[in-house]
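Here is a walk through one structure, taken a topic at a time. Have the sequence and the 3D view open as you read.

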Amino acid sequence: MIGAVGLVGRFGGAVRRRAASSVSPDFTLTNATVTTQWGVAVVGELVPNGATPAGAYFVLVGNPAGFAVENG
Amino acid sequence: MSIRVSAHSRSDLRLAAQVSKPNLSLARSIAGQGGQVRGWWQACFVRIPASGFTDNAIYPLFGRDNGTQGAFSANSDHVFRIGFDGVGSANNSGASRLRPVVVARASTGDVGAAGNNHMAAMAQMTRSPDVFLVGYGVRNTGTAGSPVWTGFVFHCRVGGTPSFELLTVAAGYVTGTTSGLLRQVFSAGGALTAVNKARVTEDNTALEHAALAQGDFPWDTVNNRPHFDAIAALAAGSGAATLYDYADLAAAQLAGTLPFSNCDQGLSEITHWFTLENLTAGLTNQGTAAGDNLTHTAQNTAAGQINTAALLGLADESPIAPAHWAPPVPVITAPPVKFFGGRGTATASIAGTYASTVQRRWERMSDNAALAGLDWATVTATAGAFTVADVLPVGGPYRLRVRAAADNAIVAVPLEDVLVGTVAVMHAQSGMELTFGGSDVWSQNHINLPVAAGAQGIVVNLSNKLGGSTATYAQPLVQTRRLIGGETPAIRAGAVACLNAWAAENPGHPLCIVNMAMSGTAMADWANGPNGADLTTNGGHASWRYMGAIGVMPGVSSGNGSGTAEVMAAALGRRADVHVMMWHPGISTDPAVQADYVAKIDARWSANTNAPWVLLPSWRTDNTGSAKGVTARAAHVAMVLDVLGARGWLGPHWGDIVMDTAGSLHAAYSGVVVGAQPVLDSDQAGVFGRLGVGVSRTGAGIGRVAAWVFNAAIPVTFRTVSAWSDTNRATVNVELGKPGRTLNGAAVRADAFHVSTNGGSSWTRSGFTAALAANGTRVVLTPADGGTAWAAAGTNLRIEYLREFIDTSEEQADEALQAPLFDGLIYDAGTWRGRLGAGGAGTVLQGTGTGGLTVEARQPGSRLLTSERFSGSRPVTVRMMAPDGVTVLRERTLMIAAV
């Protein structure tokens, strides 16, 4: 099952070798720079690819200082 | 120290060559004064042993022997002896008495009768433990042009009365130059197999401060004798109004300032002065003939003689001279607070006093080892003062040792328990002040909260913080309370919790908490009172102020216009590393006053005018939308943004820390006990399983916030980031910065959300429900009217989440009963229940302005946000989750650059 916890990388690679047309769920960030402030500032949009199922959402791993995710 | 004979006939202390007697008739230069026709004198402190002196003996103490054999009877010797005669021999000192016996002889003459001069007219001396100053010499009691030569002997028991006897000086003695005045201290005799009472110093005889002076001893012109007041001044004799050592006496003679009546002051130059404080430094000549030192010299080492091991027979002994002879020691001036800020990069300066060069060493008190690069090294003293100035590493407690460079045995009382780390200055009024104690008291550690293992800190406060009352002045004084890992100090638990939270992020890094906050004061009181001066403290004395004149300290009878900020800054070397402020309600809304306050603080804490300031915005949750509360919050934010600039840090909402509701912003600190447990402020110890709501919680928050300033990687806690509606306000979705949860299956509390329909002027927290989304990323608010009012509000609709809503929790909260109410709050996954928002660094709530999230249209997609100001680049790992909340679809670590 694509996307199982802990298996994302391994299965993704295998899929690419087996069938180039099979795409794993993935995302990109539209921007990687930001002018920070005491309050919320937008870094960029998190854009899922076409293989991402509807209802997917984003969370941060750990408890990184100074970051948050907004799910639209 | 002194030196005593531990075994006679072994060794003595000897000059390389004798000091010869000068031709007294010739004018000499003495003490820099030419044309002096004067004599000489010698003196020493002696303690005669309690036993051992036997009949018909005359034991030598110091002088010049002939050929190192202890034979003083030749024509050219001078020697001072103590004689004992138990039978009244005519040749000794009289019946059963101890008296001086002197030989003062030149090759062509003598002082007194030929042979030993037995001072039969002098008072007898007494044995140990008594100590005597003994002396003898020859003086010109006439003039330079018409000299009259008089020999004299004196002694004075320490604390007793002087005694003397005069000696006739033979004419030939005056001009003779071949005899020796001094060659050795102690006498070990020669070619002996047993003590020769005429040639050796007896066992357990102790000597100290042996000196030879060229010149004339002060003279009593009425009584024609060595002046008793001068003798008493040296010996701390009975009734002595002035105390001198040899140098003091000689200096006073030179200056003509001896305060004695009927006194021919004379003139003396102390050419040889051996302190005899020990067998090392005590042998160095302290007189003007520098370098002419004593050497510990073995005697009687030939085969078959008594001394079979060299350099035995003399031993260091406790001092015998009066206290005023003790060598001056370096004195370290203890700073008011033994803490140095600067986080290990600033120079710690400690002053002290000493007449000459000293050496210093810094060491750890834990193992007494020297700090790296800070072992003994020379520090130059100028005009009697020295300053130790070193950059010390973060840590402690340390010990500073100082000793005389010329004599390592002369040591200062060490300065101990010195810490080096971060100085955090607390500003504002009672809400802040009470966390660390009251205005004049440390209060109690109601929950017996111990200092975390390994943590080190100190809290600084002022006694009489108001300078007394309006009518009566009471001197404000710096007070400190040490916080030491494992101990439970008697101080309000907030201080302990603050240090513990700090130490959790900064192990081994001491924290100094300066409680500069003062109850009931407004910022304007400190900053710009009448005529540009800061005000007198409320209810305090008129001579004492908040800021205080720079460089002025309060006195015993007047505050002298000094003030709290000035005294505390001076006590810490004017170095602050971080300022922490929560100033509700007294913060000024005037940027000019805010800037003035900052400038005046910087002027006093002037060693680091770039220290960051963390402001903890407050918000009164009285449901009425208090303009005062909102205004105060806005003023905090504006001060960060507009006044402090790059130095400003917008910290978490005070409510995240204090969990207070009714508006005092005082954290609970009562010691009310229900059953066997205190009901307040109890959870920091993690014992009772309830929420901490008191000063321990406040303190922990402040400690963590302070840590956050220096380590931005300390993670944020829960916060909200945006609000949106796609139902025309029938529902409003509040996006959380990270997934949240409630406790024990409780529904999220709607009354933790505050809603304004007028742009933040007033707020309500009723009329709607709240539900946490299944994945925890948002809360959905549903107004009871279907959204009519919220839709009508348009852009004035704002949403705020405040977690300080538990009624009755203020100060006297019954925490045990209130605890379940906290279950419905929103916690992030990493937040332990008892530490909800406890200083969650970076929980800045909804940004700036009057607060609250404006309600926008729904964003079409997801966004990565930053929630605090930072610089440089930081990594962040984003995980894309499947709708099931379990499956990870993709995870990426992204590097985000702040520009």
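## Salt bridges

In this predicted model, B:Asp596 is partly exposed, with 22% relative accessibility. Its salt-bridge partner is B:Lys600, and the closest N and O atoms of the two are 3.2 Å apart. B:Lys600 counts as buried, at 17% relative accessibility. Both sit in helix H8 (residues 591-604) of chain B, and because they are four residues apart there, about one helical turn separates them.

The side chains of B:Glu891 and B:Arg879 meet in a salt bridge at 2.7 Å, N to O. B:Glu891 belongs to strand E50 (residues 888-898) of chain B and B:Arg879 to strand E49 (residues 872-881) of chain B, so this pair ties together parts that are twelve residues apart in sequence. B:Glu891 is partly exposed, with a relative accessible area of 34%, and B:Arg879 is partly exposed as well, at 25%. Elsewhere, salt bridges with shared partners link B:Arg361, B:Glu363, B:Asp375, B:Arg399, B:Arg401 and B:Glu416 into one network.

One more pair to pick out is B:Arg364 with B:Asp367, whose side chains form a salt bridge at 2.8 Å, N to O. B:Arg364 comes out as partly exposed, at 32% relative accessibility, and B:Asp367 is partly exposed too, at 41%. Over all chains, the count is 28 salt bridges. Side chains of opposite charge can pair when their charged atoms come close.

## A seven-stranded sheet

Chain B has an open sheet of seven strands with mixed pairing, in the order E32-E31-E33-E30-E34-E35-E36. At the edges are strand E32 (477-484) and strand E36 (648-650) of chain B, each of which pairs on one side only. Ignoring direction, neighbouring strands in this sheet are turned by 20 degrees against each other on average.

How do strands E30 and E33 of chain B pair, and over how many bridges? Strand E30 (residues 422-428) and strand E33 (residues 511-515) of chain B run in the parallel sense, over five bridges. In that pairing, B:Thr422 stands opposite B:Leu511 of E33(B). Lying across E30, strand E31 (456-463), E32 and E33 of chain B is helix H5 (residues 493-505) of chain B, which runs at about 145 degrees to E33(B).

## Nonpolar cores

The largest nonpolar core has 82 residues, and the members that touch the most others are B:Leu572, B:Tyr597 and B:Trp605. Helix H5(B) gives the most to this core, with nine residues. There is also a second, separate core of 49 residues, which includes B:Phe84, B:Ala104, B:Ala106 and B:Val169. In soluble globular proteins, nonpolar side chains tend to be buried together.

B:Tyr597 is worth a click. Setting aside neighbours within four places in sequence, B:Tyr597 is in contact with several residues, including B:His427, B:Met516, B:Met523, B:Trp526, B:Trp583 and B:Trp613.

## A buried alanine

Is B:Ala632 buried or exposed? B:Ala632 is buried, with a relative accessible area of 4%. This alanine is found in helix H9 (residues 627-644) of chain B. Beyond its neighbours within four places in sequence, B:Ala632 contacts B:His584, B:Ile587 and B:Ser618. For a sense of scale, B:Ala632 and B:Ser238 are 394 residues apart in sequence and 73 Å apart in space, C-alpha to C-alpha.

## Cysteines

How many disulfides does the count give over all chains? The count comes to zero. B:Cys263 is in no disulfide, and the nearest cysteine sulfur, in B:Cys156, is 16 Å away.

A disulfide would need the two sulfur atoms within 2.5 Å. B:Cys512 counts as buried, at 0% relative accessibility.

## Chain A

Chain A has one helix and five strands, following the pattern α-β-β-β-β-β along the sequence. Of its 72 residues, 43% count as buried. Among contacts in chain A between residues at least 6 apart in sequence, 20% join residues at least 24 apart.

Conventions. Residues numbered from 1 in each chain as written. Chains lettered and ligands numbered in written order. Predicted model: local features only at pLDDT ≥ 70, side-chain atom pairs only at ≥ 80, totals over all residues. Heavy atoms only, no water. Pairing = 2+ DSSP bridges. Helix = DSSP H or I, 4+ residues; strand = E, 2+ residues; numbered from the N terminus. Axes fitted to C-alpha atoms, helices over the stretch in contact; angles between N-to-C directions. Contact = heavy atoms within 4.5 Å. Buried < 20%, exposed > 50% of the residue type's maximum accessible area, 1.4 Å probe, protein only. Salt bridge = Lys/Arg side-chain N within 4 Å of Asp/Glu carboxyl O. Core = buried A, V, L, I, M, F, W, Y, C linked by side-chain atoms within 4.5 Å.
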